[in-house]
Amino acid sequence: MDRREFLRLSALIPAAGMTGLARAGADPTERRLLILVELKGGNDGLNTVVPFADPAYARLRPRLAIARGDVVQLTEQCGLHPSLAPLKAAWDARELAIVQGIGYPEPNLSHFRSIEIWDTASRSDQYLEEGWLARGLEHAPCPASYAAEGVVVGAGGMGPLAGRSVRAIALSTPERFAREARLARAERARARNASLAHILRVESQVAESAERLRGAREFRTEFPASAFGRAALAAAQLAANPAGVAAIRISLGSFDTHANQQGVHANLLRELAEGLVALRSALVEANLWQRTAIATYGEFGRRPRENQSGGTDHGTSSAHFVLGGAVRGGLHGASPALDRLDGNGNLAHAVDFRAYYASFLERWWSIDSRAVLGERFQPLDLFRA
Amino acid sequence: MKTFLAALAVIASLGASAAPLGYGDARHLLDRAGFGATDREVREFAALDRAAAVDRLLEGARRTAATRPPAFVDDPIERPGRLKDREARKALLAKLRAQGLQLRAWWIGEMLGTPSPLTERMTLFWHNHFATSQRKVRSPQLMYRQNVLLRREALGNFATLLHAVAKDPAMLVYLDNARSRRGAPNENFAREVMELFTLGVGRYGERDVKEAARAFTGWSVDPASGAYRYRPFFHDGGEKTVLGEHGALDGDQVLDILLARPETARFIAAKLWREFVSPTPDEAEVERWAQVFRAAHYEMKPLLRAMFLSDAFWAAGNRGSLVKAPVDVVVGTLRTFEIRPADLRPAAVTCAFLGQDLFGPPNVKGWPGGDAWIDSATLLGRRQFVDRVFRAPAGARMPAVREASMRVGDARAEEGGRGGHLARLMARGMGDYSFDGARWMRTLGAAPDARIDRLVLATAPVDALTARVGTAERVRGLVADAAYQLK
């Protein structure tokens with residue numbers, strides 16, 4: 001039985017005993033969607049969620065510290081970078097969760113290797129081939145009626161959606177994808193050998209997805225003209241498409257601010273905030289906000305002590321955002337322990353990134369996270385029951 | 001009577017294989033043994049019989065590259081980790097990145113220009129077998145030196161190659177043996193040499209790995225010259241037992257123990273099957289090749305000869321059964337259609353985008369290959385490459401996915417793999433990656449005919465093509481067909 005056949009058959013299985021994800025598939029308004037936002041290059045968590053009340057912060061960052069008066073204050077201890085002010089409304093509505101201190105043991109400081117660890121949810125010394133979302137969706141395949149299980153908007157590889165049996169596609173915008181997919185044609189006569197069969201299977205996957213994703217929805221919400229704004233619009237259109245997808249990945253970068261960080265970082269965070277706010281507004285408009293979780297991730301944070309070039313070097317743990325109508329807003333994880341840095345001057349992690357993933361697998365999708373992650377990680381309480 | 005029957009059998013087999021290859025078989029041999037082929041090369045080989053054609057490939061095999069390597073390969077080794085000044089370190093990293101890209105482009109140039117494509121095919125085979133990545137080694141000089149070694153023994157002797165690779169500085173760095181020492185042996189190389197280079201997984205025990213690791217202690221690298229250096233003080237000279245052999249074994253003796261096992265020849269023979277014949281090795285035939293290999297004391301040419309002359313290699317059912325690797329798509333397209341861009345860095349970047357970053361395999365297992373080459377992104381990427389070469393007029397804009405990636409400014413560019421500045425380079429530098437239909441048709445001679453279909457595709461097209469045979473429009477249809485992804 002090939003994958004396609006399997007998917008078709010699985011759509012016929014009665015809902016009893018199936019996961020929330022698969023069960024949700026029958027009715028598009030019941031579907032639970034995850035939109036991942038990759039912050040590429042290693043975002044500076046400390047200047048994103050600012051621990052302004054910790055005297056060590058200003059001491060480590062004589063030039064880069066965000067002045068207390070400029071911080072968008074959230075609690076007595078911390079606040080947001082001023083560029084993130086547009087997110088304050090979501091915070092006030094208790095729809096923005098901030099998870100501080102996400103990382104992993106034995107951190108690897110190479111961009112390439114560390115994002116591979118994040119994408120595959122491996123241990124630091126382990127090499128896995130499939131992305132964690134691909135594995136998750138394998139445990140709970142979507143109904144065949146879905147346009148695709150996962151969509152990557154933009155380039156940079158399939159990341160968490162890389163895998164053999166997941167139905168995942170990469171595109172820049174839905175219309176453009178439909179246009180390009182004319183290069184790939186629909187399924188044809190029986191393949192002569194296994195290799196050709198595989199190629200034709202992928203080809204028809206692309207063609208079918210393109211067919212189903214045709215017809216971009218118009219939103220009253222205006223999206224920013226930035227590249228990230230366009231990616232956010234593509235994500236909103238995919239989310240609103242009746243054929244549906246289970247997971248979408250968009251990305252923003254590069255946050256690799258080794259030198260002259262201030263201006264670059266402020267611009268990137270502004271793009272992020274404006275894009276996320278537009279996405280929220282469009283999904284509210286489409287009545288999908290309760291069914292959507294948006295989560296940021298990235299290979300690592302940056303070193304607490306600023307460097308000599310007005311920048312910061314590769315670090316370890318960082319803060320990430322989760323937004324959604326069903327999200328339990330507020331602070332999660334633990335604030336950065338600036339007084340207990342490791343030998344490289346980096347932060348210890350408070351939350352394993354696989355526990356972060358387990359929250360989406362278990363609490364959002366009702367997928368057995370141990371089967372996907374290989375071990376049991378205690379999920380965070382990121383969603384309202 | 002016996003002699004007569006034997007003679008009859010010989011004559012019968014000659015009958016099958018002594019005939020001229022013809023166009024289709026010549027194309028099959030050259031495509032699998034190299035990277036695509038021009039019409040002229042195919043016609044030349046079409047007149048030879050199987051044995052003559054195979055012998056010509058084997059005898060013509062080079063041991064050195066025909067194109068001059070970039071000048072920096074002779075420069076002294078520079079190590080970014082040593083630099084304290086961050087500006088200097090940054091500048092050096094940028095230089096190493098640029099050199100790494102030049103090195104990839106040089107190899108692609110060699111694949112395109114060499115009179116011995118089989119040498120490059122086998123060099124790439126060994127690069128994938130003894131997978132080593134610039135991402136960790138961080139020295140284009142050491143990567144180049146390893147490439148020279150792989151080429152020297154590409155069709156030489158596997159035992160010689162194994163011993164040399166085990167002392168190759170890039171490998172010593174990549175699998176951490178350079179820092180392995182008595183009392184603290186690093187097991188990385190010892191494990192991989194058994195699992196991935198010789199016996200195959202499950203054909204040795206954990207104890208063998210631990211003991212072998214001790215034998216390789218002291219095999220190190222001189223930091224200044226980047227040359228192999230034996231450090232007697234670090235070597236564990238004690239008694240060891242590896243696969244039942246006991247003694248004060250050193251690394252070379254351990255390698256000889258691995259070479260003495262029949263699994264090793266089988267492992268290599270089966271891997272060659274998957275590279276050259278089909279995705280599903282036939283056990284009995286692989287065993288036959290393995291015996292040839294062992295009898296020839298690991299000389300590669302007798303093994304390759306047995307393989308290229310096997311019925312399996314020529315079997316109709318195995319034609320078009322292999323998924324082209326990205327290098328096959330990119331280099332094969334440029335070779336077959338005689339497109340010679342001035343700058344080959346975009347070709348190297350394209351290969352990386354499609355999943356095959358030369359000098360940068362994903363890990364020590366090498367590229368998984370086969371079906372894994374194709375997902376929706378890489379399939380569309382392949383189509384876009386072909387579309388660009390065959391449709392886009394010079395200087396046309398980039399396909400959409402690439403544009404998006406350029407905007408994204410991928411942080412992974414730092415590692416030399418995929419990324420923003422590489423994508424920009426590709427956008428700027430691909431103007432002359434363009435098929436000139438009229439010119440190419442002229443090179444085919446007066447009557448380009450149905451043989452073009454056979455030249456371009458390894459197997460019949462999947463779609464019914466409407467364009468008339470022998471036209472440039474027909475060629476565009478052929479390269480857009482799913483069958484173009486097969487070899």
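Which residues does A:V151 touch, not counting residues up to four places away in sequence?

**View 1. A:V151 and its contacts in the predicted model.** Leave out residues up to four places away in sequence, and A:V151 touches A:A168, A:I169, A:L171, A:L238, A:V245 and A:I248. A:V151 also belongs to the largest nonpolar core, which has 242 residues. Along with A:A232, A:A235, A:I248, A:V322, B:A269 and B:A348, A:V151 is among those that touch the most other members. Domain 1 (2-59) and domain 2 (326-485) of chain B both give residues to this core, so the core lies between them.

**View 2. The cis peptide bond from A:G253 to A:S254.** Omega is near 0° here. You'll find A:S254 in the loop that links β8 (247-252) with α10 (261-285) of chain A.

**View 3. Positive phi at A:R94 and B:Y298.** Neither one is a glycine: A:R94 has a phi of about 60°, and B:Y298 has one near 70°. A:R94 sits in the chain A loop between α4 (88-92) and β5 (96-103), while B:Y298 sits in the chain B loop between α15 (283-295) and α16 (300-308). So, buried or exposed? A:R94 counts as exposed because it has 12 C-beta neighbours inside 10 Å. B:Y298 is buried, because 20 other C-beta atoms lie within 10 Å.

**View 4. Chain A and its pLDDT.** The mean for chain A is 85, and 87% of its residues reach 70 or more. Over residues 1-29 the pLDDT is below 50, and this stretch has 41 contacts in the model beyond near neighbours in sequence. Residues 185-189 are also below 50, with 10 such contacts.

Key: Residues are numbered from 1 along each chain as its sequence is written. Chains are lettered from A and ligands numbered from 1 in the order in which they are written. This is a predicted model: local features need pLDDT of at least 70, side-chain atom pairs count only at pLDDT 80 or more; totals for chains, interfaces and linings use all residues. A nonpolar core is a set of buried Ala, Val, Leu, Ile, Met, Phe, Trp, Tyr and Cys residues joined through C-beta atoms within 7 Å. Domain bounds come from an automatic or database domain assignment. Two residues are in contact if their C-beta atoms, placed from the backbone, lie within 7 Å. pLDDT is the predictor's confidence in each residue, from 0 to 100. Helices (H or I, at least four residues) and strands (E, at least two) are DSSP runs, numbered from the N terminus.
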